[in-house]
Amino acid sequence: MISSPTNFTECPVASAPPVSETGPASRPESWAAPVLAAIDVGSNSLHMVVVRINPRIPSFTLISREKATVRLGEFCSQTGALTPAAMERARTALERFCRIAESFQVQDIVAVATSAVREAPNGLEFLKRIERELGLRVELISGQEEARRIYLGVLSAMEFHNRMHAVVDIGGGSTELILGNGQEPEFLRSIKVGAVRLTQAFLHHDPPTSGELQALRQHIRGMLESPIEQMKRIVASSQQQGSLPLVGTSGTVECLAQLDARRRLGAPPSRLQGYEFSLEALRGYIKELRSLTVAERQKLPGLGERRGEIILAGAVILEEVMTLLGVERIQFCERALREGLIVDWMIGQGLIEDRLRYHSSVRRRSVLKLAEKYQVELPYAERVAEFALSLFDQTRGLLHGWGSRERALLWSAAMLHNCGHFISHAAHHKHSYYLIRHGELLGFNEEEVEVIANLARYHRKSPPKKKHENFQRLTDERDRQIVLELSPLLRMACALDRRRLQAIQALHCRFQLLGEGPRRMELILDPRHPNDDCALELWSLNEKKKVFEQQFKLQVIPKLSTQIERSSNPFEAAV
């Protein structure tokens with residue numbers, strides 16, 4: 001069922017700390033108010049919001065809200081794949097969303113897919129079909145990245161006043177747990193317990209048997225105990241006084257809040273934002289719901305046809321979260337992932353400065369945190385990254401056409417390329433791929449993480465080959481080309497600090513790409529000490545340059561600046 005309320009809501013972005021290495025890009029004063037659509041492709045439902053951005057406040061005004069319950073998370077029981085019927089339902093809904101967005105003349109559509117598509121073996125294939133048939137690019141994001149953007153959405157609607165809050169978002173395929181005080185999140189976790197997933201796995205009778213409910217509860221508790229213990233330790237170490245405030249988002253909590261409001265107030269309030277209900281009331285509703293058939297649940301006010309099928313599993317998840325956290329009340333927040341997508345877009349456009357500025361550097365800090373975790377030698381990694389970016393900048397427009405996004409991916413790979421040493425020196429490039437791929441880097445989508453991991457994988461040994469399983473995971477031809485063209489830059493950058501003594505302090509490229517004679521690139525190296533012949537660096541560079549030469553079909557000629565008469569313009573390019 002697809003709904004579209006007509007009410008307009010003005011929504012300023014809630015405050016957060018100015019913690020960022022670099023401020024956002026400046027924006028023209030003449031900016032008009034852009035219209036943006038954000039789509040969340042979830043396991044149970046697809047949602048879209050269309051908003052008008054006010055760049056001067058900054059804020060956004062809700063224009064339209066759309067929903068379609070398609071149950072992507074009802075996987076094929078034999079293969080675990082998205083079923084043809086579910087994919088067709090999702091495609092139909094997304095097509096309608098696109099038409100609605102077009103009718104509002106949106107500047108951009110930001111779309112993400114979560115748990116169901118992440119886990120299904122045919123998930124990427126489905127997203128490619130959507131892009132091919134509808135022209136809609138849907139990002140596949142990790143569970144932690146989903147949690148981060150949910151946190152952004154919540155902070156755009158609520159003030160935490162530097163007090164630690166827990167946030168729970170119960171979806172169809174997963175539950176996100178978040179801990180933060182309005183500043184940078186202290187804890188982000190996605191757990192594979194969701195209302196659709198658990199209904200399908202445990203509740204086979206109508207109404208369910210006592211044994212099914214017991215098994216359901218035991219499974220949920222087993223999945224939640226460890227992460228919630230971690231959350232409680234973080235709260236304890238903060239020495240925060242009083243009970244921990246709990247905020248709930250998305251469909252399960254919203255339906256339970258509506259049910260509670262109807263029972264207690266006679267009718268739900270015009271807006272549920274900030275509405276609270278108790279653990280005691282929740283337990284009463286679970287006792288009632290477990291005795292009803294699906295048809296009887298669907299008749300309850302506020303539940304509707306599809307929610308009635310999965311509300312019991314969702315309610316039990318919430319009960320276990322509240323019980324394990326030791327909280328007695330939960331407050332509902334209307335904003336979640338799709339509003340977080342809006343805020344994230346505003347950050348990327350430089351529209352949010354003093355508020356939530358720290359999120360603009362989330363990629364950088366996430367990379368450095370992973371490097372620290374796996375004991376990467378940061379001074380060496382930073383020098384390799386500096387050389388790689390210098391090569392990127394000086395060859396851009398001549399040998400490749402990549403931009404700032406790909407530059408950031410190359411930097412990330414350069415910083416993490418040696419993290420595989422944490423496991424073993426032997427084949428450490430392969431270990432680096434694994435650690436990056438499963439390192440839960442924040443701020444990147446799944447395709448970007450795969451590119452970073454592949455770039456690091458190919459900093460040594462074999463170049464990319466179609467038979468390599470990790471290279472095959474790059475299903476987009478554009479991403480494969482990024483790896484083919486940028487991994488040779490990383491290889492050469494690694495050679496330039498072979499002794500890890502900062503022997504080379506700078507590099508300059510001179511090109512001969514047209515005219516008579518072979519294509520060539522002179523790589524002029526500035527040694528730190530004039531008397532250093534940098535023999536080991538030159539030897540290593542001559543070994544590493546081969547992949548670069550093969551990829552770009554030119555000859556690389558390394559030279560020390562102390563041994564040649566430099567051109568007045570070291571960046572001169574004969575093209």
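Modeller: A disulfide is a pair of cysteine sulfur atoms within 2.5 Å. Keep that cut-off in mind, and remember that this model is predicted.

Biologist: How many disulfides does that rule give?

Modeller: The count is zero. Take Cys255: its sulfur is 16 Å from the closest cysteine sulfur, in Cys333, so the two are too far for a bond.

Biologist: Which cysteine sulfur is closest to that of Cys534?

Modeller: That of Cys509, at 16 Å, which is again too far for a bond.

Biologist: Are Cys255 and Cys534 buried or exposed?

Modeller: Cys255 is buried, at a relative accessible area of 9%. Cys534 counts as buried too, with 0% relative accessibility.

Biologist: On to the rings. What describes a pair of aromatic rings?

Modeller: The distance of the centres and the angle of the planes. There are four aromatic pairs in the structure. In one of them, Tyr374 and Phe422 have ring centres 5.1 Å apart and planes at 65 degrees; planes over 60 degrees apart count as edge-to-face, so this pair does.

Biologist: Where in the chain do Tyr374 and Phe422 lie?

Modeller: In distant parts, 48 residues apart. Tyr374 is in the loop between helix H12 (362-373) and helix H13 (378-395). Phe422 is in the loop between helix H14 (404-416) and helix H15 (428-437). Tyr374 is buried at 12% relative accessibility, whereas Phe422 is partly exposed at 42%.

Biologist: What kind of pair do Phe548 and Phe552 make?

Modeller: A tilted one, because the planes stand at 55 degrees, with the centres 4.8 Å apart. Both residues belong to helix H19 (residues 535-552); they are four residues apart, so about one helical turn separates them.

Biologist: Which charged residues sit over rings?

Modeller: Arg480 has its charged end over the ring of Phe471, 5.4 Å from the centre. Arg500 lies over the face of Tyr380, 3.9 Å from the ring centre.

Biologist: Now the sheet. What is the order of its six strands?

Modeller: E9-E8-E7-E10-E12-E11, in an open sheet with mixed pairing. Strand E9 (187-191) and strand E11 (276-278) are the edges, each pairing on one side only. Direction ignored, neighbouring strands are turned by 25 degrees against each other on average.

Biologist: How many bridges join E7 and E8?

Modeller: Six, in the antiparallel sense, between E7 (residues 165-170) and E8 (residues 175-180). His165 stands opposite Gly180 in E8.

Biologist: Which helix packs on this sheet?

Modeller: Helix H4 (residues 143-155), which touches E7, E8, E9 and strand E10 (246-249). The direction of H4 makes about 55 degrees with that of E8.

Key
Residues are numbered from 1 along each chain as its sequence is written. This is a predicted model: local features need pLDDT of at least 70, side-chain atom pairs count only at pLDDT 80 or more; totals for chains, interfaces and linings use all residues. Side-chain values use heavy atoms; hydrogens and water are left out. Rings of Phe, Tyr and Trp (its six-membered ring) pair if their centres lie within 6.5 Å; planes under 30 degrees apart count as stacked, over 60 as edge-to-face and the rest as tilted. Helices (H or I, at least four residues) and strands (E, at least two) are DSSP runs, numbered from the N terminus. Buried means under 20% relative accessible area, exposed over 50%, partly exposed in between (1.4 Å probe, protein chains only). A charge sits over a ring if NZ of Lys or CZ of Arg is within 6 Å of the ring centre and within 35 degrees of the ring normal. Two strands pair if DSSP finds at least two bridges between them. Axes are lines fitted to C-alpha atoms, for helices over the stretch in contact, and angles run from 0 to 180 degrees between N-to-C directions. Contact means heavy atoms within 4.5 Å.
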